[in-house]
Amino acid sequence: MSALLQVENVIHTFGATRAVDDVSFAVQPGELVGLIGPNGAGKSTLFNLIAGVMPPSRGRIVVNGADVTGWKPYEMARAGVARTFQIPKPYRQLSVIENVMISAFLQEPTVVAAHELADVTLTDLGLAPYRDRLAGELTVGLLKRLEVARALAMRPKLVLFDEIMAGLTPTEVGAMTEVVARLPERGITVIWVEHVLYAIMRTATRMVVINRGSVIAEGAPAAVARDPAVVKAYLGEEIQLA
Amino acid sequence: MTVTPAKTSAKTTISGLPQRGRVSWFEIILLAVCAIWVALGLAPTLQDVVVLSFLFGGLALAWNIAGGCAGLISFGHAAFFGIGAYTSTILFQSYNLTPWLGIFVGAVAAALAGAVLSVICARLKGPFFILSSLAFSEVVRIIVLNWSSVTGGAEGLSIPPVPDLANMVLGSKTAYEALMLAYLALAYAITRWLEASRIGFYLFAVRDNDDAAAAAGINPLMVRSLAMAMSAALTGIGGTLFAQYFLYLDPTYVVSPELSFQFALLPAVGGLGTAIGPILGSFLITPLSELLRANLGNAAAGLHLVFYSVGLIIVMLYFPSGIAGAIDKLRQPRSPP
């Protein structure tokens, strides 16, 4: 198996609730996988299991052939798995560029090199005008972009995006979609949890749909959107391919 | 750090962390004034105040590494101060080891104690960490008070007042001023270096957001232990210097909560997380408390503490980001949003 990430029969229970119930899927290098599902489907739990926030109750998580089940978040980061936070978690008393530098240190141990990498990353994401602003003073839209910038400055192999479009204006969604779409060609594989479906449906190479803790559909975005199980999970809500 | 010049017009100041990584003339001039102050010499009563201002400036900087930079607000730093002071003094008395070496043994012992504290309190944050640190120093105090065969118990320890440079017992107050200024300069240099280094950034990251730091590949427990160890080591060095100046260790002062509060207070007044703040805090508060004690102590016992407390409340109310923060605001008025 040459999969970058394998999630094997992962179960996670909170008390009597099975938030993630026997989920298995694999992600190949260069893929851009959209992970969707209705509220409470278990997306965030699955996301946190992969990021190492908590160990799964049962099952295995394998990155690049290595069993990383039970690894801590910082160990996952060092293994090349970056993540964003749904509710942004900036270093409030630091400037925007300093926020990104802290991530850049993972690959560039010197201050000068980390500064340079952070600078390039900020420019990529259109954050250059805000580089010296305090992160604590940014609007939600900018904080979401800062989350992405911090993840990308780690030069990860795999990046996990958690609703990076929420709170963005349509123009910003368009710009962010372009950034994300270009990641696979830069050698960054993407797993993307998103509620703004039109953005993810256009960009993803493959979709994984979960509901009630289980995978209910998997495949190309267009096929998944027509899947009766998916349509039903979203309570008949039509998924528009913009 | 200035690889590419900032091109933005919408530049705001970084409150609490001014001009990180850049040399500020204000700070250099302040240190130069201190050096000249020492070189010229002053009236003997004032020299005491100068010695203490320098010593506590260094101690405030030491506390600030944990409390200001890494967000580990500790009310137990007197434990590290005591460990440093007692280690070097016991080694000197019992094994005739010169305090010039004992100071490093004390620093290492304090660093270990600091690392142990942060590992024990790994999961504690905010008020819970503060209380644990306070409890930790109480444990150390009780050990010092009861282990009489080694620490002298409640009677304390004294060092023979025989001036001898080899034993770090200096002949003049001016010499002590220079020694304490060197300590202050060391603590300042370390803080400045930290602010502009990778490890310093990691301290700020852990202070501002644990989860984000871990997601960036930082082991928060490791960083906290390191911050606490560095802070404790520097505090321990201050403890030895204190012992060598007063030549007497009183356990009810050396390992007291009051002393711990003092360490925390000076950076809070001066400006948390900055290099210059703790120094300003000490230069303001130490002379104030010494002079109040000297002038009011006889008239009405305890009255000096009332004045002192009122002053502190005023500072906390009107300058929440400390003196350094207030100066910063004066210099760079906030741009309209």
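**Exercise 1. In this predicted model, how far apart do the C-alpha centres of domain 1 and domain 2 of chain A lie? Describe their contact.**

Step 1. The C-alpha centres of domain 1 of chain A and domain 2 of chain A are 25 Å apart.

Step 2. Count the residues on each side. Domain 1 of chain A supplies 8 residues to the contact, and domain 2 of chain A supplies 9 residues.

Step 3. Find the main contributor. On the side of domain 1 of chain A that touches domain 2 of chain A, helix α6 (residues 170-181) of chain A gives the most, with 3 residues.

Step 4. Sort that side by type. The residues of domain 1 of chain A that touch domain 2 of chain A are 5 nonpolar, 2 polar and 1 charged.

Step 5. Domain 1 of chain A covers 1-80 + 156-242, and domain 2 covers 89-148.

**Exercise 2. Where does the largest nonpolar core lie?**

Step 1. The largest nonpolar core has 177 residues. Among those with the most contacts inside it are A:V190, A:W192 and B:L55.

Step 2. Domain 1 and domain 2 of chain A both give residues to this core, so the core lies between them.

Step 3. Take one residue. Beyond its neighbours within four places in sequence, A:V190 is in contact with residues including A:L32, A:F161 and A:P184.

**Exercise 3. Which element gives the largest share of the side of chain A that touches chain B?**

Step 1. Start with the totals. In chain A, 33 residues are in contact with 27 residues of chain B.

Step 2. The largest share, 5 residues, comes from α4(A).

Step 3. The side of chain A that touches chain B has 17 nonpolar, 4 polar and 12 charged residues.

Methods: Residues are numbered from 1 along each chain as its sequence is written. Chains are lettered from A and ligands numbered from 1 in the order in which they are written. This is a predicted model: local features need pLDDT of at least 70, side-chain atom pairs count only at pLDDT 80 or more; totals for chains, interfaces and linings use all residues. A nonpolar core is a set of buried Ala, Val, Leu, Ile, Met, Phe, Trp, Tyr and Cys residues joined through C-beta atoms within 7 Å. A residue is buried if 20 or more other C-beta atoms lie within 10 Å of its own, exposed if 12 or fewer, and partly exposed in between; C-beta atoms are placed from the backbone. Domain bounds come from an automatic or database domain assignment. Two residues are in contact if their C-beta atoms, placed from the backbone, lie within 7 Å. Helices (H or I, at least four residues) and strands (E, at least two) are DSSP runs, numbered from the N terminus. Ala, Val, Leu, Ile, Met, Phe, Trp, Tyr, Cys and Pro count as nonpolar, Asp, Glu, Lys and Arg as charged, and the others, Gly among them, as polar.
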